[in-house]
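Here are my notes on the chain you sent over.

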Amino acid sequence: MDLDGKFSFSSVMELELGTISSIELVYSPNPVENRLRVAWSGTENVFQISIKNLLGQVVIKQRPQNKNQEMTFDLSQQESGLYFLQLESPEGLISRCIQIK
């Protein structure tokens, strides 16, 4: 927020936290308006995928069903702003920054 009380969003930049070379994580669109599609390859053992706000609070958490390597999240009820997309697997944790419009 600026001194005059106004604010605006900058263009989206990709932020990578935790990289596991054996896992490829693909997500779109970013920024998100309603639904976020998440897909991965390189492992079938994903424990869960969560979306957290900037305070670290989990707003959505889901476990993949039947070893599917793709999920869709409905984010239409979430506030606009920046969030973290996190994938947990036996190999470790991958985090990416997403923006909800």
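1. Let's begin with the open sheet: three strands in the order S2-S3-S6, with antiparallel pairing. The edges are S2 (24–28) and S6, each of which pairs on one side only. On average, neighbouring strands of this sheet are turned by 20 degrees against each other, if you ignore direction. Bear in mind that this is a predicted model.

2. Next, the S3/S6 pairing. These two strands run antiparallel to each other and share 5 bridges. If you want a residue pair to click on, arginine 35 has aspartate 74 in S6 as its bridge partner.

3. Now the charges. How many salt bridges does the structure hold? The count is 1, and the partners are glutamate 70 and arginine 37, with their closest N and O atoms 3.2 Å apart. Glutamate 70 sits in S6 (residues 70–74) and arginine 37 in S3 (residues 35–41), so this pair ties together parts that are 33 residues apart in sequence.

4. Over to strand S7 (residues 81–89), where you'll find serine 89. Is serine 89 buried or exposed? With a relative accessibility of 6%, serine 89 counts as buried. The side chain of serine 89 also has a polar contact, at 2.8 Å, with the side chain of glutamate 91.

5. Of the contacts with a separation of 6 or more, 56% are between residues 24 or more positions apart.

6. Last, the surface. Of the 101 residues in the chain, 35% are buried. The chain exposes about 6,600 Å², and carbon and sulfur atoms supply 46% of that area.

Conventions:
Residues are numbered from 1 along each chain as its sequence is written. This is a predicted model: local features need pLDDT of at least 70, side-chain atom pairs count only at pLDDT 80 or more; totals for chains, interfaces and linings use all residues. Side-chain values use heavy atoms; hydrogens and water are left out. Buried means under 20% relative accessible area, exposed over 50%, partly exposed in between (1.4 Å probe, protein chains only). Contact means heavy atoms within 4.5 Å. Accessible areas come from the Shrake-Rupley method with a 1.4 Å probe; for residues, only the protein chains shown count as cover. A salt bridge is a side-chain nitrogen of Lys or Arg within 4 Å of a carboxyl oxygen of Asp or Glu. Helices (H or I, at least four residues) and strands (E, at least two) are DSSP runs, numbered from the N terminus. Two strands pair if DSSP finds at least two bridges between them. Axes are lines fitted to C-alpha atoms, for helices over the stretch in contact, and angles run from 0 to 180 degrees between N-to-C directions. A polar contact is a pair of N or O atoms within 3.5 Å; within protein, one must be able to donate a hydrogen and the other to accept it, and residues adjacent in sequence count only if both atoms are side-chain atoms.
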